[in-house]
Amino acid sequence: MAEAKTILVRVKRQAGPQDTPQWEEFSIRWRPNMNVIACLIDIAENPVTSDGRKTTPVSYEANCLEEVCGACAMVINGHSRQACSALVDHLEQPIRLEPMSKFPLVRDLVVDRQRMFNDAKRMRCWVPIDGTYAIGPGPRIAPERQEVAYALSRCIFCGNCLEVCPKVNEHGDFVGAAIVNQVRLFNMHPTGAMHAHERLRAVRGPGGIQECDNAQNCVKACPKGIPLTESNNDVNRQALLDSILGWMFH
Amino acid sequence: MSSTKVILIGGGLAGLMAAIRVAELGHSVDLFSVVPVRRSHSVCAQGGINAAKNLKGEGDSTWQHFDDTVYGGDFLQNQPLVKGMCEAAPGIIDLLDRMGVTFNRTPEGLLDFRRFGGTLYHRTAFAGATTGQQLLYALDEQVRRFESEGKVRKLESWMFLSAVLDDAGVCRGVSAVSLRSGEVRTFPSDAVIVATGGIGAIFRQSTNSVACTGSAQSALFQQGVHYANPEMIQVHPTAIPGEDKCRLISESVRGEGGRVWVPKAAGDGRDPRTIPDAERFYFLEEWYPKYGNLVPRDVATRAIHKVVYELGLGIDGKNMVYLDVTHLPREMLTRKLGGVLEIYEKFVGLDPRDHPMKVFPAQHYTMGGIWVNNENQATNVPGIFAAGECEYQYHGANRLGANSLLSCLYGGMLAGPAAVKYAQSIAKSAESVSSAVYEREQKRQEEIYDRLRSQQGEENPISLWKEMGETMTQHATVIRYNKDLQAADAKLAELQDRYHRINLADTGRWGNQSLHFTRELGNMLVLARLIVQAAALRDESRGAHYKPDFPDRDDEHWLRTTRAEYDNGSFKFQFDPVDTSLIPPRKRSYTSS
């Protein structure tokens with residue numbers, strides 16, 4: 001019967017960074033249109049495993065629940081993706097939930113993705129304006145150019161592209177496709193372009209674009225369909241040109 | 001001039017704008033946020049931001065924007081600040097443009113504008129259908145630049161608990177808890193700006209993000225900060241109903257030509273694409289020929305309610321109506337509305353370019369909020385300022401679409417310099433305040449946590465939250481009856497009682513989300529009661545506040561701001577006059593010109 005239908009969810013639990021991970025299984029009542037977040041709310045309401053053992057609610061990150069804030073990335077059935085748009089009816093059971101592995105673990109499904117924001121800072125990912133005062137309109141931009149920039153600027157910093165990248169690991173410090181894409185975005189803005197050199201110098205530095213080996217996993221994992229490999233290639237070309245010009249003129 | 005430190009609570013659009021202004025003036029900012037600021041709820045704003053730039057030759061003006069806003073808000077706003085906001089709007093768009101916001105463009109390379117609800121002008125600048133995201137990112141990037149210069153320090157994954165008030169009732173800083181370690185700490189500062197956004201979690205399934213609980217506003221209210229017009233709650237007409245949240249389908253969909261309809265015959269189970277035009281009831285266009293699908297949100301929401309509940313014409317007898325864009329060019333839909341159509345596609349599994357969307361109203365916004373003065377976003381407590389959705393100015397009894405991003409930015413622009421000016425004007429700074437003041441507040445907060453950890457009983461915080469949300473959605477949204485509001489208040493009092501019997505499954509410190517959620521839940525219940533009590537008092541219908549027993553606006557008695565003060569567990573209400581000095585109140589009707 002429909003109302004008796006249940007969903008099996010297995011969660012990789014870890015109380016803290018130093019603790020040993022362990023799996024717990026939960027049995028959840030099925031309802032129409034459920035996503036992984038709805039399952040996690042159910043567990044919080046009744047934190048009891050499928051074999052009847054009392055446990056604690058699962059810690060996880062979530063905010064907008066419509067795939068625009070980037071918070072709820074986790075590894076679901078082996079794929080790094082957003083939990084809000086992971087619909088239960090489209091997932092094979094038992095549904096396996098794990099934290100992302102390329103970022104420091106905080107607890108359960110929560111990881112610390114601060115490195116992405118730090119890298120954005122290091123790569124100077126902003127348009128340097130003179131101030132917030134009324135000093136007139138911005139530069140004119142052709143609609144075609146805006147459309148390219150808009151597609152790049154929809155990056156939600158979820159980190160899925162880093163999670164699937166073979167060059168992001170404990171031995172390498174590649175900044176990852178998301179940040180390289182930001183460099184492209186700001187270098188294409190008319191004001192941002194005036195400072196392109198600074199960004200290109202940073203993106204040629206440690207962990208820079210040279211680390212990318214073109215595995216192209218990033219573009220497949222991106223929930224926003226950002227042309228990440230195109231951005232990698234574009235920034236690579238810009239960086240090369242910048243270094244040649246730098247060599248010629250200095 | 002010495003440098004001062006301002007504490008900012010909340011890293012959405014209003015908070016980030018205030019932070020930029022403070023840093024730009026050469027002062028430092030401690031920015032607290034429960035989520036990394038780039039993940040704040042402002043990213044969910046879809047359709048756009050209003051500014052009367054008049055680039056379409058329609059004769060639009062900032063005065064017209066002002067008039068539409070006040071008329072749309074059913075005259076409950078204090079008008080001078082609204083006028084200031086509308087006048088500042090074109091300059092704000094220029095600023096955003098300079099920051100690199102990827103606004104849609106005309107063939108000439110200028111900003112493009114579209115129509116939105118409650119106006120007849122193309123006044124809404126937009127970046128696809130993820131305008132809030134694009135605006136937030138631009139500000140986040142500017143703040144990151146200040147962060148790299150050491151002017152802004154971010155305390156992300158820290159949750160505000162309370163203001164630190166000295167014996168004279170002056171704010172001297174805040175207390176906050178680390179959502180990671182569970183550590184409670186106080187942070188001294190001469191001025192605090194609160195920009196904590198909406199309160200959707202009180203209704204459980206709303207269009208808001210998880211972090212929009214209203215906990216900070218409630219905590220401040222309980223410390224003596226006044227709260228205004230709590231009863232003014234906006235229900236957005238078009239959202240995808242969902243168990244974890246209701247996902248907004250932006251008003252911009254109608255702004256670009258989307259049409260709302262139901263089959264004329266009740267229970268018509270045909271595939272909507274096969275239903276001929278003559279057998280469709282385009283009720284908004286029929287009832288409101290001038291504005292059509294772009295009537296303000298309160299009007300559209302009530303119309304949908306009428307169609308579904310009174311006329312029984314919901315799709316398949318269910319609580320849903322069609323929002324249809326299948327007649328519009330696919331290329332235009334992708335270019336201008338891609339972001340929002342993608343949400344429908346991902347969460348429902350059908351492409352709205354081919355299938356009419358099924359939508360229903362959902363709680364979306366609070367026009368009411370922390371009381372601030374009519375000049376510079378200051379609350380009644382010295383040293384505390386508020387900006388953005390968490391405060392009550394600008395939108396009166398109903399907010400027009402695409403005015404929220406604007407009011408966030410404008411409020412933040414005012415609050416930043418005002419907080420600096422205040423901090424520099426006070427005789428005694430936080431540094432000279434006795435450490436006992438901070439220790440006292442820290443102890444009070446730790447005791448609240450200790451109590452929650454040691455409570456015994458059989459209650460669960462999620463269950464109580466669901467019951468609160470159900471009560472609020474049922475009785476305190478679209479249609480309100482005094483009898484139901486009183487019953488809702490009794491139910492909420494019962495929940496407050498059961499709250500003390502919550503037995504937490506996890507009493508640890510590290511990353512204990514249910515502990516902090518429970519902390520917030522206590523505050524949500526207070527705010528929920530404030531909403532229903534204020535709604536019960538206002539015996540009229542105005543904007544989003546609609547009582548069938550009092551169907552008309554009653555300016556004689558109720559052209560008043562509801563202003564509430566916390567009084568030891570109960571609320572004291574006063575009703576302040578509204579500054580309508582610029583546009584005299586007139587009857588609000590969208591049925592004809």
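Trainee: Which residue forms a salt bridge with E251(B), and how far apart are the closest N and O atoms?

Mentor: Side chains of opposite charge can pair when their charged atoms come close. In this predicted model, E251(B) pairs with R297(B) in a salt bridge whose closest N and O atoms are 2.6 Å apart. The two partners come from distant parts of the chain, 46 residues apart. E251(B) sits in the loop between β13 (247-248) and α6 (252-255) of chain B, while R297(B) belongs to helix α8 (residues 297-310) of chain B.

Trainee: Is E251(B) buried or exposed?

Mentor: E251(B) counts as buried because its relative accessibility is 1%, and buried means under 20%. R297(B) is buried as well, with a relative accessible area of 6%.

Trainee: What does the pair D354(B) and R330(B) look like, read in the same way?

Mentor: D354(B) forms a salt bridge with R330(B), and the closest N and O atoms are 2.8 Å apart. This pair also links distant parts of the chain, 24 residues apart: D354(B) is in the loop between α9 (330-348) and β17 (357-366) of chain B, and R330(B) is in helix α9 of chain B. As for accessibility, D354(B) counts as partly exposed at 32%, and R330(B) is partly exposed at 41%.

Trainee: Which parts of chain B does the pair D489(B) and R529(B) tie together?

Mentor: The closest N and O atoms of the salt bridge between D489(B) and R529(B) are 2.8 Å apart. D489(B) lies in helix α13 (residues 482-499) of chain B and R529(B) in helix α14 (residues 513-537) of chain B, so the bridge ties together parts 40 residues apart in sequence. Both D489(B) and R529(B) are buried.

Trainee: Which residues do salt bridges that share partners join into one network?

Mentor: The network joins D74(B), E231(B), D298(B), R302(B), R538(B), E540(B), R542(B), R553(B), D555(B) and R588(B).

Trainee: How many salt bridges does a search of the whole structure find?

Mentor: Over all chains, the search finds 79 salt bridges.

Trainee: Now the interfaces. How much area is buried between chain B and chain A?

Mentor: The size of an interface is often given as the accessible area lost when the parts come together. For chain B and chain A the buried area is about 6000 Å², with carbon and sulfur atoms giving 50% of it. The contact involves 70 residues of chain B and 74 residues of chain A. On the chain B side, R39(B), R98(B) and F347(B) lose the most area to chain A, together 14% of what that side buries.

Trainee: How many salt bridges are counted between chain B and chain A?

Mentor: The count between these chains is 10 salt bridges. E147(B) forms a salt bridge with K121(A), where the closest N and O atoms are 3.8 Å apart.

Trainee: Into which domains is chain A divided?

Mentor: Chain A has domain 1 (2-111) and domain 2 (114-249). Their C-alpha centres lie 32 Å apart. Each domain gives 13 residues to the contact. The area buried between domain 1 of chain A and domain 2 of chain A is about 1100 Å², with 51% from carbon and sulfur atoms. E67(A), K102(A) and F103(A) supply 52% of the area that domain 1 of chain A buries against domain 2 of chain A, more than any other three residues. One salt bridge is counted between the two domains. K224(A) and E67(A) form a salt bridge, with closest N and O atoms 3.6 Å apart.

Trainee: Where do the domains of chain B lie, and how much area do they bury between them?

Mentor: In chain B, domain 1 spans 236-363 and domain 2 spans 436-554. The contact takes four residues from domain 1 of chain B and five residues from domain 2 of chain B. Together they bury about 440 Å² between them, 71% of it on carbon and sulfur atoms. On the domain 1 side, D298(B), R302(B) and H305(B) lose the most area to domain 2 of chain B, together 78% of what that side buries. The count of salt bridges between these two domains is zero.

Trainee: Which residues make the nonpolar surface patch of about 830 Å²?

Mentor: The patch is made by L240(A), L241(A), I244(A), L245(A), W247(A), M248(A) and F249(A). L241(A) lies in helix α8 (residues 228-249) of chain A. L241(A) counts as exposed because its relative accessible area is 52%.

Technical notes: Residues numbered from 1 in each chain as written. Chains lettered and ligands numbered in written order. Predicted model: local features only at pLDDT ≥ 70, side-chain atom pairs only at ≥ 80, totals over all residues. Heavy atoms only, no water. Patch = residues over 30% accessible without salt bridge, like charges linked within 9 Å, V, L, I, M, F, W, Y side chains within 5 Å. Areas by Shrake-Rupley, 256 points an atom, 1.4 Å probe, with all protein chains shown as cover. Salt bridge = Lys/Arg side-chain N within 4 Å of Asp/Glu carboxyl O. Helix = DSSP H or I, 4+ residues; strand = E, 2+ residues; numbered from the N terminus. Buried < 20%, exposed > 50% of the residue type's maximum accessible area, 1.4 Å probe, protein only. Domains from an automatic or database assignment. Contact = heavy atoms within 4.5 Å. Buried area = accessible area lost by both parts, 1.4 Å probe.
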